[in-house]
Amino acid sequence: MKKLVRVFFSRYAISAFIILVELLLCAQLVFSAWAYSYVAVLVAAVISLITLVFVINRDANPEYKVSWVIVILALPFFGTILYILFYRRRMTKKEERHLRGLFAEINNHRLGTGNFDMLRRRSPLASGKARALMNDDTLSEVYTGSTSTFFGDGRRLFESMIRDISEAKEFIFLEYFIIDQGVLWSKIHKLLREKAKEGVEIRLLYDDIGCMKTLPSHYEYSLRTEGINTYRFSKVSPSLSSVHNHRDHRKICVIDGKVAYTGGVNIADEYINEKERFGHWKDGGIRVSGEVVRGFIKQFLSMWDFTTHTISDYEKYLSFVEPLKFSDGGYYIPFGTGPIPIYQRPGGKNAFLNLINQSRKYVYITTPYLIIDYELTESLCNAALRGVDVRIITPGIADKKKVKLMTKSAYPYLMRAGVKIYEYTPGFIHEKTFVVDDKYAVVGTINLDYRSLAHNFENALWMYATPTVQVCKDEFLNTVDKSERVDESKSKLTLSERFVRNAIRLFAPLL
């Protein structure tokens, strides 16, 4: 209750109120002009028509087009204003110059094509997937000389992370969507303060909206006084902008260039089941060491520099990374995704499509949300229809009722094609994993919903021929044993649920 009161009277609420007033004033201006001038109505109609032609002819997901067409037709001219403001992140020329310089600096520190060439000789099919992935995220590359450990439990992951942080000598990088003040953050915070006193460089990046209920306003200033260099990603401001729609949903920890972590887990007590929310909270993540840590350093520093408008000394931090003499023999690609124009293509979605479309034996997926577009839906159905064992685990207890309704509404069509749906009976599953054919796995922050696939900045780790793939598969099958398979009777929606579902579905791509 205290958190809700704090948010209600915070700058977030004030900013939201001002943005709402701006929208209402804009709408009032448009509608007033229509009331007093036929010319204004004609101009609005022409502008709306031009916008519709533009939207329809864009190279974009048809479902996004349909949603925007409805908005523009329902709100002539005003819908055009909303489209201009919210369709894509608009960057100033200064931001564009900085981004070009940043990408050029990062690409100066590539390893070359040796690892990719080895992968191509080993498996042309795998190298094709890798090539497509690196095309979507131009900062990514193939790494070998590494090892990884998958954790199917948030508590065990953080126990390992805290041990690694306690041994840090050079630097600690942390990037999280949510940090909540509780048992977990208290342990990490205390350790970071101690490390800062020892002279370890610490950088912390957290999402402003993600932490609006969990951290005090301007909390970063307090942390800076403790030697923890901290920034908020995309600070909330009282202005109409698509920036507020693009959040930093990544979870990255890098320590001394020796180890890195990613996965679904945020720094909050429910992720380690210290605090119960929605039953048992099932989450997962991965620890990597060796050459692959380079990719996570680049991911973190690129977002840090994007936020702080700086360019870090990449050579300094990358120099700490060393390939392992005794690696697991697998191939790794840490990759990032995000909104246009920073990322030109939906890298997460494309990575999943390539895995699904070329699967032969099985596709195992865990996701907290299942709100996917036609293309992903058909790929899953086609895989099942050609005999691939497609299984998806979703939460048994939802964190959001409307989102659960949308997830549930996806079941019938998938199930008719032979996709097996399971709900995690003990509670909420927040894990985001793909495991395919005993060869591939993806572990990261990407949910199967429009927000993760199009609007948020996300990250994940693509793996081929690593022992961790089998570990991920075993964890999935263990989770299936604790889950209940959904049958047709349990997937049916009531009349009121179908009405709500249909209304939400119209605008889901925009949310």
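Lysine 361 is partly exposed because its relative accessibility is 47%, where partly exposed covers the range between buried (under 20% relative accessible area) and exposed (over 50%), computed with a 1.4 Å probe and protein chains only. This is a predicted model, in which local features need pLDDT of at least 70 and side-chain atom pairs count only at pLDDT 80 or more, while totals for chains, interfaces and linings use all residues. Residues are numbered from 1 along each chain as its sequence is written, and side-chain values use heavy atoms, with hydrogens and water left out.

Lysine 361 forms a salt bridge with aspartate 438, a salt bridge being a side-chain nitrogen of Lys or Arg within 4 Å of a carboxyl oxygen of Asp or Glu. The two residues are 77 apart in the chain, with aspartate 438 in the loop between β14 and β15 (440-444) and lysine 361 in the loop between α14 and β10 (362-366); helices (H or I, at least four residues) and strands (E, at least two) are DSSP runs numbered from the N terminus. Aspartate 438 is partly exposed, with a relative accessible area of 33%.

A search of the whole structure finds 24 salt bridges, and the table lists some of them.

| Salt bridge | N to O distance |
|---|---|
| aspartate 136 and arginine 345 | 2.6 Å |
| lysine 282 and glutamate 431 | 2.6 Å |
| aspartate 438 and lysine 361 | 3.2 Å |

Aspartate 136 and arginine 345 meet through their side chains in a salt bridge, and this pair links helix α8 (residues 124-136) to the loop between β9 and α14, the two residues being 209 apart. Aspartate 136 counts as buried at 7% relative accessibility, whereas arginine 345 is partly exposed at 42%. In the salt bridge between lysine 282 and glutamate 431, the partners are 149 residues apart, with lysine 282 in strand β7 and glutamate 431 in the loop between β13 (427-429) and β14 (433-436), and both residues are buried. Asp180, Glu270, Lys275 and Arg277 are linked in a network of salt bridges.

The loop between β9 (331-337) and α14 (347-357) also holds proline 341, and the peptide bond that joins isoleucine 340 to this proline is cis, with omega near 5 degrees. Helix α14 itself is largely enclosed by the rest of the structure, because nine of its 11 residues are buried, among them Lys349, Asn350 and Phe352.

Most residues other than glycine have a negative phi, and most peptide bonds are trans. Histidine 218 sits in the loop between β3 (201-207) and α11 (219-224) and is partly exposed at 38% relative accessibility, while asparagine 273 belongs to the loop between β6 (259-263) and β7 (280-282) and is partly exposed at 27%.

In helix α15 (residues 374-385) lies threonine 377, which counts as buried at 13% relative accessibility. Leaving aside neighbours within four places in sequence, threonine 377 is in contact, meaning heavy atoms within 4.5 Å, with Ile372, Tyr413 and Leu414.

For the chain as a whole, the secondary structure comes to 21 helices and 17 strands, and 57% of the 511 residues count as buried. Among contacts between residues at least 6 apart in sequence, 82% join residues at least 24 apart.
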